[in-house]
Amino acid sequence: MAVLQFAFGSDSKNPHLPHNHELDQVVYTGTHDNDTIVGWWQILPEEEKETVMEYLKITNGSEISWKLIEAALSSVARTSIIPMQDVLGLDNSARMNTPATQVLYLFHIL
């Protein structure tokens with residue numbers, strides 16, 4: 001399992017970075033326990049944003065959801081899972097779950 005939101009906070013050997021993915025692995029932009037990509041981006045420190053933009057070869061974060069989705073789908077991993085909140089470019093108001101809380105989140109697509 002690789003989660004792209006965990007990929008950019010360390011060195012190039014980080015197993016969550018796309019160039020370290022493996023064929024028999026599932027890659028996620030984020031999971032039900034993570035912020036949405038937009039929410040993650042909004043709170044990410046500037047230094048880490050710069051690392052992400054350099055790695056993804058982008059000049060700003062305006063399309064960060066689609067760039068991480070593209071990275072997941074371009075991975076050598078055979079399976080990618082993309083939360084609908086990321087496809088829709090939603091912020092943390094659409095987050096599915098906050099671990100260790102009793103809050104139950106519902107997300108509906110009508």
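This is a predicted model: local features need pLDDT of at least 70, side-chain atom pairs count only at pLDDT 80 or more; totals for chains, interfaces and linings use all residues.
View 1. The structure holds two aromatic pairs, and the next view shows one of them.

**View 2. The aromatic pair of Phe8 and Tyr55.** Phe8 and Tyr55 form an edge-to-face aromatic pair, with 5.7 Å from centre to centre and 70° between the planes. Phe8 belongs to the loop between strand 1 and strand 2 whereas Tyr55 belongs to helix 2, so the pair ties together parts that lie 47 residues apart in sequence. Phe8 is buried, its relative accessible area being 4%, while Tyr55, at 29% relative accessibility, counts as partly exposed. The aromatic pair made by Trp40 and Trp41 is tilted instead, with 6.1 Å from centre to centre and 55° between the planes.

**View 3. The salt bridge between Asp24 and Arg78.** Asp24 forms a salt bridge with Arg78, and the closest N and O atoms of the two residues are 2.9 Å apart. This pair links distant parts of the chain, 54 residues apart: Asp24 sits in the loop between strand 1 (2-3) and strand 2 (26-28), and Arg78 sits in the loop between helix 3 (64-74) and strand 3 (79-81). Asp24 is exposed, with a relative accessible area of 67%, and Arg78 is likewise exposed, with a relative accessible area of 60%.

**View 4. The salt bridge between Lys49 and Glu46.** The structure holds two salt bridges, and the one shown here joins Lys49 to Glu46, with the closest N and O atoms 3.5 Å apart. Both residues lie in helix 2 (residues 46-56), where Lys49 and Glu46 are three residues apart, which is about one turn of the helix. Lys49 counts as buried because its relative accessibility is 12%, and buried means under 20%. Glu46, in contrast, counts as exposed because its relative accessibility is 52%, and exposed means over 50%.

View 5. Three strands, in the order 1-2-3, form an open sheet in which the pairing is parallel. Strand 1 and strand 3 are the edge strands, each of which pairs on one side only. Strand 1 and strand 2 run parallel and are joined by two bridges, and within this part of the sheet Ala2 stands opposite Val27 in strand 2.

Notes. Residues are numbered from 1 along each chain as its sequence is written. Side-chain values use heavy atoms; hydrogens and water are left out. A salt bridge is a side-chain nitrogen of Lys or Arg within 4 Å of a carboxyl oxygen of Asp or Glu. Helices (H or I, at least four residues) and strands (E, at least two) are DSSP runs, numbered from the N terminus. Buried means under 20% relative accessible area, exposed over 50%, partly exposed in between (1.4 Å probe, protein chains only). Two strands pair if DSSP finds at least two bridges between them. Rings of Phe, Tyr and Trp (its six-membered ring) pair if their centres lie within 6.5 Å; planes under 30 degrees apart count as stacked, over 60 as edge-to-face and the rest as tilted.
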